[in-house]
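The following note sets out numbered remarks on the structure shown below. It is intended to be read alongside the sequence and the coordinates.

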Amino acid sequence: MHPIFKHASSLAFAVACTAASAADTVITADRLLDVHSGRYIDKPAIHVRDEKIVAVKSQSEFTAPEGATRIDLAGMTLVPGLIDMHVHMDSDPTYGGYTRLQFTDRFWSMLMVVHARRTLDAGFTTVRNLGASDWNDVGLRQAIDAGKLIGPRVVTAGISFGSTGGHCDRTFFPPSFRAKNEYAADSPEEAVKSVRSVRKYGAQVIKICATGGVFSRNTEPGQQQMTLAEMKAIVDEAKMWGLKVAAHAHGASGIKDAIRAGVSTIEHASLIDDEGIALAKQHGAWLSMDIYNTEYTQSEGKKNGVLEENLKKDRDIGDIQRENFRKAHAAGAKMVFGTDAGIYPHGENAKQFAWMVKYGMTPLQAIQSATLNAAEALGRNDVGVVEAGRYADLIGVKGDPLRDVRALETVSAVVKGGTLIPTSR
């Protein structure tokens, strides 16, 4: 048994996917990162009841309730559970191009179980799944919430959609296959219906494709593929239902119209220009720029079956996106952590932190993008920060992530809802 389990009762960790007990839990460690201030709290004691944090105090000032479960993470630095704002849980990057067609549709549903566990083990206690096949992400969320599977909290988009023939359509097949995205929208009226339909079946966020993409066929990243009127109709309809909208948008014109339409998060934002950055600041849109995954796709993509035309598009915009990340951050645009995991292996999400630092962020700013900022962008006040009233989601790492953000790549302990999760590694 790993030493970090020695003070946790068997109820707290042996069956981590069961509903949390009403009993009190006290979590202690060497220090805790306050992501608001960027300062460490030495020798914290975190009091948890019913999955939520009751109080965060100094160990010297705290008296544990009688019979409380203790989770002692001695020698560790605690950080709020991380949030990845852009994943695809039913995608596996080792199958690219047409190699996916060797499997039945339900193969991808099965892989989600493994991917979810790897993601949680890596310290990501909340993810936003921006597009899945066959409502796979909704099923995953329901299974985790019902206590049948161990995994992160999942915010689901269900089926993402855009225009006919655009990036969110099914672009790899000839006409005889009649393959299409049934939610593709080619007018404001159709767009409204698609919002209503995907919400009906479990979408908690609306994901649209405003421009072409890298890993589709017959689309170019810079192409705008939805009109301002269509995107405005989507945002207005989503707002009526209490939902936010995320827009896949590489190209400058599509980014700007998505922002003007009121989209909450711009995904990728690879070719954003100065006007787009100014608009993002003016409208308060968040930029979610996946600046790590090119390292994987360029080194492993060909072996995995990714077509050369897709790899070329990836090469063409990779460095441009990274420099635009630097520019947008320097200009003060709001940034969140989104990796597009599924384009590269799940569980390696934290590798992006070092690239965010390389391209201009401090380690604290990179961490805030995956905690404080991500929670705000989700519109949630129950995750992202270790403070009273929020879920007791946190991770323990060795070392000092404010000095070396790569410390987040090796997570020693994961606590979700006050329960210490036994590692599957």
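Predicted model: local features only at pLDDT ≥ 70, side-chain atom pairs only at ≥ 80, totals over all residues.

1. Asn304 sits in the loop that runs between α8 (294-300) and α9 (308-331). Its relative accessibility is 7%, so Asn304 counts as buried, the cut-off for that class being under 20%. Beyond its neighbours within four places in sequence, Asn304 is in contact with Pro93, Thr94, Tyr95, Gly96 and Thr99, as well as with Tyr296.

2. Glu237 belongs to helix α5, which spans residues 228-240. Because its relative accessibility is 7%, Glu237 is classed as buried. Once neighbours within four places in sequence are set aside, the contacts of Glu237 are with Val192, Val195 and Arg196.

3. On the α5 side the contact is made by Leu228, Met231, Lys232 and Val235, and on the α6 side by Gly254, Asp257, Ala258, Arg260 and Ala261. The crossing of α5 and α6 is right-handed.

4. Helix α7 (residues 274-283) and α9 form another pair to inspect: their axes come within 10 Å and cross at roughly 40 degrees. α7 is therefore oblique to α9. Asp274, Ile277 and Lys281 are the α7 residues in this contact, and Lys327, Ala328 and Ala331 are those of α9. The α7 and α9 crossing is right-handed.

5. Which residues of helix α10 (residues 351-358) are buried? They are Gln352, Phe353, Ala354, Trp355 and Met356. The elements that cover these buried residues include the strands β6 (82-87), β7 (124-129) and β13 (334-336), together with the helices α8, α9 and α11 (363-369). After α10 comes Gly360, with a positive phi near 120 degrees.

6. Glu51 has a positive phi, near 75 degrees, and lies in the loop between β3 (44-49) and β4 (52-58). With a relative accessible area of 30%, Glu51 is partly exposed. Arg178 also has a positive phi, near 50 degrees, and is located in the loop between β8 (153-156) and α4 (188-200). Its relative accessible area is 74%, so Arg178 is exposed, the cut-off being over 50%.

7. Where does Leu394 lie, and what surrounds this residue? Leu394 is placed in strand β14 (residues 394-397). It counts as buried because its relative accessibility is 0%. The C-alpha atom of Leu394 is separated by 5.2 Å from that of Val415, although the two residues are 21 residues apart along the chain. Apart from neighbours within four places in sequence, Leu394 is in contact with Ile27 and Ile46, with Leu78, Val79, Pro80 and Gly81, with Val386, and with Ala413, Val414 and Val415.

8. Ala64 supplies a further pairing across the sequence. This residue lies in the loop between β4 and β5 (69-80). Its C-alpha atom is 7.8 Å from that of His47, and 17 residues separate Ala64 and His47 along the chain. With neighbours within four places in sequence left aside, Ala64 is in contact with Val26 and Arg70.

9. The remaining remark concerns the annotation. In an unreviewed entry, UniProt lists residues 77-420 as "domain: Amidohydrolase-related". Within the model, the chain over residues 77-420 is 36% helix and 15% strand. The end C-alpha atoms of this stretch are 15 Å apart.

Notes:
Residues numbered from 1 in each chain as written. Heavy atoms only, no water. Helix = DSSP H or I, 4+ residues; strand = E, 2+ residues; numbered from the N terminus. Buried < 20%, exposed > 50% of the residue type's maximum accessible area, 1.4 Å probe, protein only. Contact = heavy atoms within 4.5 Å. UniProt positions renumbered as here; feature names shortened; annotations may be inferred. Left-handed = near helix turned anticlockwise from the far one by under 90°. Axes fitted to C-alpha atoms, helices over the stretch in contact; angles between N-to-C directions. Parallel < 35°, antiparallel > 145°, perpendicular 65-115°, else oblique.
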